[in-house]
Amino acid sequence: GELHFLVKKEAKGDLRKDSRVQDFNNVINRLFSGRGSSGPNRRQRLRLQLRTFSVVCMAEDSGILEWVPNTESLRSVITDTYNPQVDPTSIHRRGSRLTNFNDQDMRNTFLKCQDLYFKKGNLSLATKKFDELILQKYRPVMYWWFIQKFSSPHAWFEARTNFTLSTAVWSAVGHIIGLGDRHSENILIDTRSGECVHVDFDW
């Protein structure tokens, strides 16, 4: 069989961090695999795991990384997704509007909403403004990707569950280790299972 891999040389980064994060994630996976392995609730074990891949460091700034198959970046998934239930000319139809990195309007508006809470302590106003200026203006479309990609109800439910559980685990672990640089091209989606996969752990 074929083995796909990525040869990478970092301009400023250190691939040894990627290797250590994979080691840490493997420990987390071992802890999850033992969860509920005995006792009355052993059949109700949650399917919690982190997708890992091999990292072989050749030097601190270069190495070989195992290719994660059947994945697309979160950005490309959202960019290609569309809502078929709205008018084709509507600004809410295509996800590409959400992933346009040149549009700073959403980020600036989001920061203003946060300031209302963190600087002025007004949570209710911050929530109201966030709904009005972000949620109403930039409608979510990613849920349509699951509908369009996974046609049977069972496959759709499984993919959504895989995405939800893997995102939750990555969020918790990322918070614990202080994982940064989580932009939409460092977060991948497995197009066969819906699982969330994180890459690039230099920050």
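**Exercise 1.** Are Phe146 and Phe150 buried or exposed? Work out how their rings pair up too.

*Solution.* Some ground rules come with this one: it's a predicted model, where local features need pLDDT of at least 70, side-chain atom pairs count only at pLDDT 80 or more, and totals for chains, interfaces and linings use all residues. Residues are numbered from 1 along each chain as its sequence is written, and side-chain values use heavy atoms, with hydrogens and water left out.

Step 1: check burial. Phe146 and Phe150 are both buried (buried means under 20% relative accessible area, exposed over 50%, partly exposed in between, with a 1.4 Å probe and protein chains only). For Phe146 the relative accessible area is 5%.

Step 2: apply the ring rule. Rings of Phe, Tyr and Trp (its six-membered ring) pair if their centres lie within 6.5 Å; planes under 30 degrees apart count as stacked, over 60 as edge-to-face and the rest as tilted. That rule gives nine aromatic pairs. One of them is Phe146 with Phe150: the centres sit 6.3 Å apart and the planes meet at 25°, so this pair is stacked.

Step 3: look for another partner. Phe146 also pairs with Phe163, this time edge-to-face, with 5.5 Å between centres and 65° between planes. Phe146 belongs to helix α5 (residues 142-149) and Phe163 to helix α6 (residues 153-177), so the pair ties together parts 17 residues apart in sequence. (Helices are DSSP runs of H or I with at least four residues, strands are runs of E with at least two, and both are numbered from the N terminus.)

Step 4: Trp145, Phe146, Phe150 and Phe163 are linked into a cluster by ring pairs.

**Exercise 2.** Where is Thr109 found, and which residues does Thr109 touch beyond four places away in sequence?

*Solution.* Step 1: Thr109 is in helix α3 (residues 105-118). Step 2: its relative accessible area is 13%, so Thr109 is buried. Step 3: leaving out residues up to four places away, Thr109 touches Leu133 and Ile134 (a contact means heavy atoms within 4.5 Å).

**Exercise 3.** Which loop holds Arg51? Then list its contacts.

*Solution.* Step 1: Arg51 lies in the loop between α1 (15-34) and β2 (55-59). Step 2: Arg51 and Ser166 are 115 residues apart along the chain, yet their C-alpha atoms are separated by 8.4 Å. Step 3: not counting residues up to four places away, Arg51 touches Val68, Trp170, Asp190, Ser193, Glu195 and Val197.

**Exercise 4.** How many residues line the second largest pocket, and which element gives the most?

*Solution.* Step 1: the lining has 16 residues, with Leu6, Trp67, Val68, Leu188 and Val199 nearest the centre. Step 2: β1 (5-9), β3 (62-66) and β4 (71-73) are the elements that give two or more residues, and β4 gives the most, with three. Step 3: sorted by class, the lining holds seven nonpolar, three polar and six charged residues (Ala, Val, Leu, Ile, Met, Phe, Trp, Tyr, Cys and Pro count as nonpolar, Asp, Glu, Lys and Arg as charged, and the others, Gly among them, as polar). On a 1 Å grid over the protein atoms alone, a pocket is an open set of points where a 1.4 Å probe fits, with protein on both sides within 12 Å along at least five of seven lines; lining residues have an atom within 4 Å of a point.

**Exercise 5.** How many helices and strands does the protein chain have?

*Solution.* Step 1: there are six helices and six strands. Step 2: from the N terminus the order is β-α-β-β-β-α-α-α-α-α-β-β.
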